[in-house]
Structure formats: C-alpha cells, structure tokens
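Here is a short tour of one protein chain. Have a look at the structure first, and then we will walk through a few of its features together.

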Amino acid sequence: MYDRTYPGRRGLKPNFEEGVKGFITWAFAQECCLSEGGVRCPCLKCECRPIISDPEEVERHLKRRGFIKNYWVWTYNGEQLPSNVQRTTTTHASSSRSHMEHREEFSLISDMVGDAFGVNVTYDEPQDFDQEELPNEEAQKFYQLLQEMNTPLFEGSSDSKLSMCVRLLAAKSNWNVPDQCLEFFAKMMLDATPTKDNLPTSFYDAKRLVSKLGLEVRKIDCCTNGCMLFYDNEFGTNDGSLEECKFCKSPRYKVRSKAINRKTKDNEKARKDIEILCNRKELELKVKPNGKLLKPKANYSLTSEEAKAICRWLNELRMPDGYASNLARCADSSTGKLHGMKSHDCHVFMERLLPIAFSSLPKHVLNPLTEISQFFRDICASKLRVDDIVKLDKNIPVILFFGIPGRPSGKKNVHWLTQKELLAAHVHVLINCVEVKPYLE
C-alpha cells in the first residue's frame, strides 16, 4: 500500500497500481459511498475530506500523491475496525490535525510549482532523492524553489515566502491594486513582524520569486456580456482571432463612431490653389485621359498595400514577454489600420518600431522620422543626465525645422531688378568675393 515507486522514483510499481484499482473497486461498492455520492479520497492532499464521485480522479490522486500515513484500516471509506481494536482519538484524522492543516496550506502552491517545472511534487525532502537523479540545473532550481515553498515564515506559520508573494500578486490582479500600494503592504508587514528573513522585502522581490514559476503576463479579451474569452490554448480552443462573440454575436471591440463632417481641405479647389500659391508640382491636379482629375498623394503618405504590409509585419512581430502588449491584436491586415493601441504601445511604436515600419518612405521623409524616434527614445530613458537634456533641447529644433529639405513657397512671379537694386546687389557681391579682396586691400 505504501510501497509505491521504484528507487529514485522511476515509476509506479505494478503491485501498487493493482492495489489502487482494488481499493477503488471496493470503496465505490460500499453503502457509505452510495449514500454520500462518492468516495472520500485518501490521498496525501485530500486526506479523506472531499467526496469525489469520479473513480478515475481518485486513481489519479493516489498514483500521484500516495495514501495518507497509517491508513491501514479504511474507516472513512466504510471499513469497520476489528473487534479487538479499540477506537481511540489517535487516528489519523485527529492526531495529525495540525499536520493536515499545515500541508493543506501548501498543497495549492506545490501544485503550481509542479506545473511550472513539469514535475510531480511530493512532500518528501529533496535529500531523500538519489544524488544521481539531480544531474541538471533545472532540477536544482526546482528543489531550491521547493525548499523556499515549504519553509514557513516562522514557527507555526501556515504561509511560506512563496505563498505570501503569490497572495500579494493575486491581490493586485483581483482588485487592481497599484504597485505603490503593494510596496506599502510589504514594508508594513516587515515593520510589524519580528521575523523578517522570509518575508518579501518589496513588490519587486515578490514578482521576482513568482517569476521563477514560469508565469507570464497575458491579457485576454472577454465578451462584453461575459459569454466567452477570446484566446487560443493547447487544448483545441482557437478563439483568439474572432471579431465577435460566437454565442451572443456581440462585437469584440467597441466601435466608437463620431459624427464627422465630410468637408475636407484636400478638395479640388485646394489643389488648384496649390498651382497658384505653392511651388509643389507633385501635388497639382493631373487630368486623366477620360477627363477626370487625379489628386496625387503626398510623398509622406503610404499606399494601401504598404499600410497592409506594415500590419502584417506587426502580426508576425514577437517581443520579449512584458515589454509590450500583444500588438498583433491592434493591427488589421485586411484594412491596413491600427486600433486599440494603449499608451505604452504607442511609446514602443514611436521609440522602436517607427523607422522600421515606415522604411518604404522617401529618405527625406524617413530620416527626420528616424531622428524623432531616437529623440523620444532618449528623452524617455530611465536615467537622464543634465548634459543629455541640454543636448536634446538643442537638437529638437534642428530635427523639426531643418531636417526636411526646404522648398520655396508662395505664388511664382517674375521680378526685374531696378537700377538701385542691381547696384546694391553688385556691391554686395564685390565686397564678398574672394577674387576682389586683393584689389580692396
């Protein structure tokens, strides 16, 4: 019954597996099971308290965790004590009550650690394992985290440092607690507790320890009516690309419609004024063979295909976890539009992605955009020196006003110099000409 695995935990023994099946067959046939609707699972985690109606689930529990200690007589599953054995209060349910409560507090955390590393967690100490079974760094990291998990904050405590960190982060997630508030809670616990060695010293400390579990931040859209989540997983759910709820048909994104007056400054009359007032022939109206007028696009604008290509690039872009939210959800490659970008996403786009996204533009347009992107990256740095700020202050006017080649403005006109203007121009050239300087001297 307790001879469960081979040395080094290299698998379950056949006799134990047969014994588990025999127990389940016997237990589910008892009157107490029929009346209660299931079996009180005697595994190390459940300890005969929850009633489970699925035989396969009970089998999984026992194979993974084993039976509770000293459960030789299955009294909680309908077996009667022999007549020559007196029932005392030293049975498992009472004598190890504090032990059970202590283990129950850590059971959920141990399951989470096991899921993160892909290892079945038992309550045995790491030194019980054969040293030859710990050859790699991953196993050492696992047992180090297991030791931190099972170390109480202080003697008699039902929490460990890891469980306290998980509870802090759960509070942030459940009630949207600000980071500064969690910092205050962490410092308050340190001030109020005599034993400070095992408590998280800050919110960053809590995040660092929990990050060892392999947990990642992932934002998932939810139907506005709470019908479903828009996400994909390894079990066959592929709802991440849906644009509406598959149950109530509500749209995934809230479309904000504005009453827009269709008047625009870029009309035929404005384009005709360009010919008179500005020297920008590339934007002047062109007459098509069919008599219709063509309005050429400005050289700083993207074509429809270029905009769609940028959106496809964003759909395939992968960035480090936590660096930015999923930009792919903001890019619609069918229309070539971006929507739903958060403020941090805009910062990442401006500081890192802008030069790459608009690389198809002409150089005299792309170069100033690249310099502006670098300016935002520098000014949003975590640390800035005074001389850096002075340099940025001097550079930004040059970037904004002199980065783009100049062009004449105003209506084209022919002007003939008067005799006075011609004489003034002649003198100006002479006194500034290198060839005339020797004669002046």
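Predicted model: local features only at pLDDT ≥ 70, side-chain atom pairs only at ≥ 80, totals over all residues.

**Confidence**
- The pLDDT of the chain averages 77, and 78% of the residues reach at least 70.
- Residues 88-104 have a pLDDT below 50, and the model gives this stretch 18 contacts beyond near neighbours in sequence.
- Another stretch, residues 123-134, also stays under 50, with 13 contacts beyond four places in sequence.

**A cavity to find**
- Which residues line the second largest cavity? They are A27, C32, C33, E36, G38, V39, R40, Y76 and N77.
- Helix 2 (31-36) and strand 1 each supply at least two residues of this lining, and helix 2 gives the most, with 3 residues.
- By type, the lining of the second largest cavity has 5 nonpolar, 2 polar and 2 charged residues.

**Two residues with positive phi**
- E47 is not a glycine, yet its phi is positive, at about 55 degrees.
- Look for E47 in the loop between strand 1 (39-40) and strand 2 (51-52); it counts as buried, because its relative accessibility is 5%.
- K249, also not a glycine, has a positive phi of about 65 degrees.
- K249 sits in the loop between strand 4 (229-230) and helix 10 (268-277), and it is exposed, with a relative accessible area of 51%.

Technical notes
Residues numbered from 1 in each chain as written. Heavy atoms only, no water. pLDDT = per-residue confidence, 0-100. Contact = heavy atoms within 4.5 Å. Helix = DSSP H or I, 4+ residues; strand = E, 2+ residues; numbered from the N terminus. Buried < 20%, exposed > 50% of the residue type's maximum accessible area, 1.4 Å probe, protein only. 1 Å grid on protein atoms, 1.4 Å probe; cavity = no way out; pocket = protein on both sides within 12 Å on 5 of 7 lines; lining within 4 Å. Nonpolar A, V, L, I, M, F, W, Y, C, P; charged D, E, K, R; others polar.
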